[in-house]
Amino acid sequence: MDRNVVLNILDQADFFMPEVSTAARMLAAVTHTHTPPHLGMHATIPTSDDTITLIDPADITWPRDLYAGMLLAADTENRQAISDFAHAVNGLPQRRQRAQAAAPRFLTRLLNGTDPAAEAEAQRLHDDLIALRITGTYDRYLNARALFTAAVNLQDTTGVHLDTTNPAIPPEFVTQTQQLIRDSIGNPDAIIQPIAAAELALARDAVTAWKRDPHSTLNLRNQAETTLRTLTEQRVTVLLEQMPVEALKAATNQRLRTTGLDTAGITTVADVISTPHSTLTAINGIGEATARRLKAAAQALSNEARSTHSTRIGTDPTDTAIALVRILNIYGQIALDDEQARARIDRLSALGQALPTNPLAHATHADNWLALANQNTTIEQLRDDIRWLSVSPDLFGTATIVDPGADVWEDYLQQPARYQALLADLLRIDADNTGFTDADTIAAIRNLTLNTEHLTEGTFLRGYQSFGAKFATIRKKTVLGDEMGLGKTIQAIAWAAHLAATDPEAQHILVICPASVVLNWMRELKKFSTLPAHMGHGENKHTALNSWKNDGGFLVVTYEGAKTLNLTDADTVIVDEAHMIKNPRSGRSKAASTLIANAPYAMLLTGTPLENRVSEFVTLINYVQPELITKGMGSLNAGDFARHIAPAYLRRNQTDVLDELPEKLEEDDIIELNDDDHAIYATAVENGGWMTMRRAAFLNQHTTPAKIERILDIVNDAENADRKVIIFTYFLDVIDALEHHLGDRVIGTITGQVPAATRQNYVDQLSTAAAGSVLIAQITAGGTGLNIQAASVVILAEPQIKPSIEDQAIARAFRMGQTRKVHVHRLIGADTVDERMLDILAPKRQAFDAYARHSDITASVPDAVDITEAQLAATIIAAERQRLGFDPTAPTQTTDTPAPQGIQALSDSDEPTQ
């Protein structure tokens, strides 16, 4: 082949050579359209049910040929043209190099001759290059390249746009670039909206200045967290220093040797923690495995102590505890009552702290960032928060604080519940503890803001209390079964106040309660609500009723009043101690159920929705949401039952939500009766006297009864420990015996005949009484409706037929606001009716725990089985007769003594109390 011909072929190859890399670049650009960009300046802010991502568009690194790739990805014809051309020139550099051997210089050609293979390659290369032009492959490629170049130039001159404001950018390009942004944050379905960078800068600057204020919520929260951690560690240290090493054996299921530790000065759990591992193993008899077990057990006790004390202020006025109370006092001065405003501040604080300083420092009104979220409402909430900040800049301003002074600890002791609520609110440590799994309801509750305009200034709802009020709002008619002491009353008030503020048809609120707590309700209403409160009980009840009908607000009536008064105006019905209407055939139940059915809103309050049998609980649910009732509900296992009633029932237990409550220690004091006690008891058994058997341990007038001796010991111990005592009994003559032996220690006695105002006066007196003072209460009168946190020692003189009555009585002291460990003594006469009752009634408590203790549980237990008092009496009397050698078949006297006076003041005559 002529050398000049070969050189011409090589020139043609050189002409196409640059297009080899260009075609490859063009094809590669198509694949880059699926590559997410690199995000520079951006911020992620979690919300309660969403996440906002804020991105600076100017700081995004996009693929070089993104627009060109998008163009070609959508243009099949031009993409094919590029692909055809790329295939045709594939390997061109190598082919040209091989063809070049067909055109050697003269001397090389003379000496070596021609290379047939090279000439053949040159000829094929010539044919292929000619074909590019003849077939139009090259021309089609040129057209595609022109489009590619135009797209590249568009991206270079305008940048990548994420909105449609530039008409030069095809809308499909914007759609694809937005999807790449979504993919880059891992949320392919996110909504994208622009947000003014200048507005973001406003929020960041406001929060930055706010952070410099030592009294800002943010800094107070940080101070409180640090102080609380220190306080917790101090308490844990003191506790572990008081724990002997023998306590470690209870923290592990492995055998643990502690012999020899005392010889090395290791006597407490704290010593084990602080002693090096090598020192432990150097002790005779302590090997590697034992040392590890000792350390692990000690750490387990340390962790348990830490979790137990992690949110308690306590009663010991250490410097750290006082410092924490001082922080909370300051927070109480700046904390907003408006739940919505507090939520805004929290959101804006999170936003301001997440945003970078630059480039927002130089942002102009023309600059936009991108906001991405799952819901449009989330972004709109962000914009609304920023607008709110722009018109209320003082909310992030420097706070004016009054120094709480040296008396801050005394202020805490006077109102510990308020300080605990402030701590929970400041640290946001309350959990929802919903007890059910309905995601839609939970979302609706979290999206609801309670209107607090009708609550008094300074009213703080714990997180779980706010949740309870919202739950009732969403569900309209519910049973609130929170354990006693968790503040069901304030939840009901907050719920009703919210309805009154938001629904013109919910202006008449009716509270139905036992007569004994009417004054307590009036007191709580005036304390927490600004709505009118009318007492529909007593001489002026008709005047109060007319005022309520005209003015709206709250009307408090008794169960008897619910039967006799015209209450058809009630829009919102609150039934307190709702277990009292568990019998649908009773007069009070029929009256209450009619009012509940006719009102659009209702809330039943009871810590003991199940006292005897599951059907009682079903009755309460039927009052509020009858559509949940199905045939055979009473025979469902506990888990299925709880899930079935979840839309109508909310319950939280103290251990779920009140981390700050001190420990409650319950113990059965088994007491050996003396000879005189036993003689009275044996006579009662022989005569079949049920009531006498139950109180026989207190009737001895010749010597001091054994139970009285134990009570005197407990009271003396309480005095030495700077504590006060409340004693509960069912029997009036037991009260007489207690008053006789305790004398001046008794500051008051509450029975069914004592007016409500006098009862509250006794409770108030106990608060200021000396250590060792005693309040005596008939359990059916003082076991409900009163807050007796001043007492931290509770004595149950005898076991009760219904365990729920005991729980209610204990909860008078063990409730929110209690700052000390509550010690409960249940006095049990050895080998008496007391022990038999505990054995027989155990299934009742198990039934309550299974069916009502939780809103939604999964454990399956046998159905609850009822037992009447007559059956219980007959069973126990027969057993005791046989044990003591009497005829077990002789007749019994289950009513050998009249019921204590005052019982009828607490219940309708058509339904027995116990």
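Colleague: How do you know that β16 and β17 pair, and in which sense do they run?
Modeller: In this predicted model, four bridges join β16 to β17 and the two run parallel. Pairing requires at least two bridges, so this counts as a pair. Within the pair, I750 stands opposite A777 in β17.

Colleague: What makes β14 and β16 edge strands?
Modeller: The open sheet has six strands, ordered β14-β19-β18-β15-β17-β16, with parallel pairing. β14 (664-671) and β16 (746-750) each pair on one side only, which makes them the edges. Neighbouring strands in this sheet are turned by 20° against each other on average, ignoring direction.

Colleague: Why is β16 called mostly covered?
Modeller: Buried means under 20% relative accessible area. Five of the five residues in β16 are buried, so the description applies.

Colleague: What makes β15 and β18 a pair?
Modeller: Strand β15 (residues 725-729) and strand β18 (residues 793-796) are joined in the parallel sense over four bridges. The requirement is at least two, therefore they pair. V725 stands opposite V793 in β18.

Colleague: Which strands does helix α32 touch, and how do you know that it does?
Modeller: Contact means heavy atoms within 4.5 Å. By that criterion helix α32 (residues 732-742) packs on the sheet and touches β15, β16 and β17. The direction of α32 makes about 170° with that of β17. Helix α31 (residues 706-720) lies across β14, β15, β17 (774-778), β18 and β19 (822-829), and runs at about 165° to β19.

Colleague: Why is the unit of β16, helix α33 and β17 called right-handed?
Modeller: With the strands pointing away from the viewer, a right-handed path over the helix runs clockwise. β16, α33 (residues 756-768) and β17 make a right-handed β-α-β unit, so their path runs clockwise in that view.

Definitions and conventions. Residues are numbered from 1 along each chain as its sequence is written. This is a predicted model: local features need pLDDT of at least 70, side-chain atom pairs count only at pLDDT 80 or more; totals for chains, interfaces and linings use all residues. Side-chain values use heavy atoms; hydrogens and water are left out. Axes are lines fitted to C-alpha atoms, for helices over the stretch in contact, and angles run from 0 to 180 degrees between N-to-C directions. Buried means under 20% relative accessible area, exposed over 50%, partly exposed in between (1.4 Å probe, protein chains only).
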